[in-house]
Amino acid sequence: MKRGDVDHPSATAAEEASSAKRQCTSGLSLAVVMEQSADHKTKKYDRQLRLWGDHGQAALEKARVCLIGATATGTEILKNLVLPGLGSFCIVDSETVKMGDLGSNFFVTAQDIGGFRAEAATRLLLEMNSDVKGQYMTDTLESLVANRPSFFQHFTIVIAADVPSEKLLLDLGRILWPVGIPLVACRAYGLVGWIRIVCREHFVTESKPDNFIQDLRLDTPFPELVALKDSVDFGAMTKKAHSHVPFVIILLAFLEKWKTLRGSLPTTYQDKVKFREFVDEGRLKNDDGIPLAEENFEEACKAVVKTVGVSKVPDEIERLFRDPACDNLTIFSPKFWIVIRAIRDFTVGAEGAGHLPVSGALPDMFSDTESFVHLQNVYKAKADSDAAAVYAKVCQLNRDLGLSEDFISLSEVKYYSRNAAFLRCVRTTSLEEELGEGSSVAAGLTGFSVDDPDFRNSLWYVMLRAVSHFHNQTGVLPGLEHKTYEEDAVQLKVFAQKFMKAVGVVDGFRELAGDEVVARYAREVARFGGEQVHSVAAFVGGTVGQEVIKLITGQYVPLNNTLVYDATACTTSTFQF
Amino acid sequence: MAFDPQTAHSIATAKVFMVGAGGIGCELLKNLLLTGFRDIQLIDLDTIEVSNLNRQFLFRSEHVGKPKAEIAAQSGLELCPEAKITFYHESVIQAKFNVKFFSQFDLVLNALDNAAARSHVNRMCLAADRPLIESGSSGYLGNCKAIFKGKTECFDCQPPAPQKTFPGCTIRNTPSEPIHCIVWAKHLFNQLFGEADPDQDVSPNTADPSLLVDGQNGTGHHNGAPHQNGSSPTGIASTVAISTREQAVSCGYNAITLFEKLFRDDIAYLLSMEKLWEKRRKPVVLDVQAILREPQAILQEPQPLDSDRSNGDGGSTAGDHEDKRVWGIGENARVFIRSVRGLKASLEKLGNLVWDKDDEVAMDFVTAVANLRSSCFGIATLSRYDIKQMAGNIIAAVASTNAIVAGFIICNAVQVLRGNQSGCYNIITRMFRDAVPATAPKRRIRTTGVSRLDVPRPGCVSCSERVEIGIKLRIASITVKEFEEKVVKGYLKMSAPDVELDDASGKIIISSDDAGEGKNRDKPLAFFGIQDGTRLKCEDSLLDDYEVTVTLHNDDHLAEDTLFLPLDAHVEGELAQPTVEPFEQAKGIKRKLEEEILTPGMSGNKRVALLASNSDAASEPNGNGNGLSEDVIDMSHRF
């Protein structure tokens, strides 16, 4: 088996050609190549484009992922990235295919036994999607980390699957942390799964929170919106027109009336309930004085509690504004922070007057098309002018920093501006902080009760750490040999207790994790004998797949920072270590 | 060893039946084989499509068009040559897959995508007394639960998710949302080119209740409503009398003639029903000649609704692809003409067509028709991409969710084989989502909601021992066909029912032998001497032991759009009341989740100038301290 010497696995065609020796070509028939039209892709990826959009797909197709460990877990993860059309991957694995792999790893075959696992996995993974490029390295992780650390710097994300040595993980973390490349470490061990995300700074542009409430600026309408509202005269309308006024206009008009009557806008819940009745009173009545069923008014009433009085900068965005990175811009600052600064300047300045740029999006509403389009155009025009104001500030900041004025394009700024309420910055602890001296683990292990699935899962975490110590001391995994199973279990218990002592778990946790409890978990983990259970690998593979796609697309907020899965109870818990 | 030797042996010798070889199915087959299952039968009626390839990894581009069951079995055998894998490329709802067939398995695994088949397999497993594992996925959401006959809740114990249906009058007379026009367009397709369904009439409906005076409380009289099948009040020749299909045939499917009928004459006829437009905006008729005369450039003005989209709706940017552009009216008219010609040719060649969202011409037709009708009614027109999502009930799908769900199925399957019912769970999974760290910095978020299996619901029409139910309906007007389709097949979920009078005569009302072709199907129930209080015995001929006795209660005051109303079902013999499980809340979520999985497509469609009735969830209390995080609880609102 020949190893390539190229240090830069990259997706460009020229380099691809020069490293053709390492390139797997099987599975790339002519027919498949011919199908790579945009239309074909749209069809093939239709079901996922409806989740993350064309821009999410574009990010995925540009991404380069390094997988360390073509284990069952590792190949399951890559399967979930190759199928949706990842740009390229490179597998690092020095192991050969053994009988044991066949029982749990879908991406090796009996014919591959004795060959490199990385080669088999790369070949079989590429068969699934001809849009994806793949390479492999058969160097050991140890030698790459020691001799060619720059190798890892060319990837969008590095995934470490089932790496048993904490020391190696730490070394890898030390390479990636300073250059800001996210590392996802994970493991499927017996009936337990573990996932850890390490990213120094990850920018989310579309957090897509649950239950998000659109800020329609009802309490602080901008002049164009006021003008539109004033142009609507509820008194001089046909029945039909009255029942087709968009609820936004209804609320604006009634808020103004309310304010005239009461002197202030409804802010408390009680006030809002009264205001809702006030709006409901506004429905047209028939000749007998019975209010007509007007759907737009129903909508307006429903929307009162949620949409009235929410016009303020969300806490998450306030926190971004207060972040030192927003104040201390340098020529090396990521675009994200330059734009955040511009949005902050806009918001606190005269243009925003305390408000984020208007997004331009409207919720669905009952209306005739004409009124809706009119309303939408007003919001859209305001969104455009706000984005333009932010852009002017971005240009100025770029100039001040000594960057080219068009370092950030108008369309980028528009995108940020539109999503201003959805911007997030995620920073996890480093592996150093978790695995190194002065560990941050103890703080994450608090607040449990004995029946709590989170407690059980925290014990699994402790046991996995003990397994690493066991491996470090003995060079093998506990329970591998049937005859030493009992001994190993005892040894594992000792390691677990040592670990808890070393990280200084709080008294409450120590009481729950008594001698007997730890012994029981240790026996269970020793019984796993280091075996991989495929269905656990499938779960970890699915979950890591989702997290990696989040990190690549900037959509949704990634896990911060640890997830433990218990396949016996089917529970998951997240921890911040 | 992760599994003890006994469990490993049970796995290796278990005989399992896998229903469905799609998104979850591919993952499941792989998981089964790699867990040690060696005797698998699988069934799937579908063939492989290009849009499957982003997740159904047992299939490659060269397999497009081939049966899923066959290729999945073939791939499975490549992975594991020593396994025994039998496949069926056909529907599971068939007499040959009878109770005896189901009885041969130790375990049945559902990996289906529709409620009808899920319900059917559920019943077969109950009849054969075999454990079933049910599962589903939609976008980033997934679920999985085990079902044990008589011990735990079955698939039908929960009332079916409310199917989003629309009153016929809204579809035929007064559409107000794009979806109304899309549904109408699909109906029109079936009327013109497919198997016509009388329930899917597309012509103006003269029996519209809102034609009644002040039609709000149903007490009005037929003042001013045009006569059924009569000439119209304005003197325009009625288009109601002869069917749409006959008209199309008589004009040789001339596209211009059809256009004029659908978007000029029928609209004009609707306009003549003045009552309809007292409180509504009047539709406008389209002039096909004028539309076609105008130069295209003018007609294709940019549509504002297609541009920026809100953040939470899938986030796709507009304009990147032709499919996402909203056509102008001229373009819609041209596509209409072109697609009618194309479909006419197919009809002549192949006979009746079946609408398929992935058939380009059929999709073009529905897009153009829906948009043209929207134009008549002042409703926003949409892109082909959006209409496809709504018309095809498309569920977003990715490999990762299916991988997670299939992992859970194995967890439950292993517990079933170990005979450990209490180790089986009802599991709901979702992606890790944004917490609100400002208010709850220490909260641990779970990505799965796990609950114990519920006990069966007393009176469940599927899993109770013997069932007696009461149904309210209008005996004088409901036809045998309606009773069969909506009550016996729809509500009682029987696949091939036999229905007879539960008296000495035992007179047969519906026979499964007729397969829906019986003579008296258009007669009302009253025709058979059925009256208030009559009892009917309903049996499913595909099941040995499934019988429901229905007592009919006449009620002439049912709401216009209501065909029947079930009274509370009761069961012979006592069943324990459901006990409150520690994870009580998971049930509510599960229901909501299943609704999303089972009735997708409709809920999330937006950027339309209309609607949004189900978004009033902000006042729900949160911060409950037991078991599940709020994160999981709130999953119903958006995905």
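This dialogue goes through some terms used for a predicted model.

Trainee: What makes strand S7 of chain B mostly covered?

Mentor: Buried means under 20% relative accessible area. In S7(B), residues 425-429, five of its five residues are buried, so the strand counts as mostly covered.

Trainee: Which residues of S7(B) point one way, and which the other way?

Mentor: B:Tyr425, B:Ile427 and B:Thr429 point one way, while B:Asn426 and B:Ile428 point the other way. In a regular strand the side chains alternate between the two faces of the sheet.

Trainee: How do you know that strand S6 of chain B and S7(B) pair?

Mentor: Two strands pair if there are at least two bridges between them. S6(B), residues 141-147, and S7(B) have four bridges, so they pair, in the antiparallel sense. B:Asn426 of S7(B) is the bridge partner of B:Lys145.

Trainee: How many bridges join S7(B) to strand S8 of chain B?

Mentor: Five bridges join S7(B) to S8(B), residues 448-452, and the two run antiparallel. Here B:Thr429 has B:Thr448 in S8(B) as its bridge partner.

Trainee: Why is helix H4 of chain A called roughly perpendicular to helix H14 of chain B?

Mentor: The helices pack at an angle of about 110°, with their axes 12 Å apart. Angles of 65 to 115 degrees count as roughly perpendicular, so H4(A) is roughly perpendicular to H14(B).

Trainee: Which residues meet in that contact between H4(A) and H14(B)?

Mentor: A:Asp46, A:Leu49 and A:Arg50 in H4(A) meet B:Tyr385, B:Lys388 and B:Gln389 in H14(B). The residues of this contact divide into two nonpolar, one polar and three charged.

Key. Residues numbered from 1 in each chain as written. Chains lettered and ligands numbered in written order. Predicted model: local features only at pLDDT ≥ 70, side-chain atom pairs only at ≥ 80, totals over all residues. Heavy atoms only, no water. Buried < 20%, exposed > 50% of the residue type's maximum accessible area, 1.4 Å probe, protein only. Axes fitted to C-alpha atoms, helices over the stretch in contact; angles between N-to-C directions. Parallel < 35°, antiparallel > 145°, perpendicular 65-115°, else oblique. Contact = heavy atoms within 4.5 Å. Nonpolar A, V, L, I, M, F, W, Y, C, P; charged D, E, K, R; others polar.
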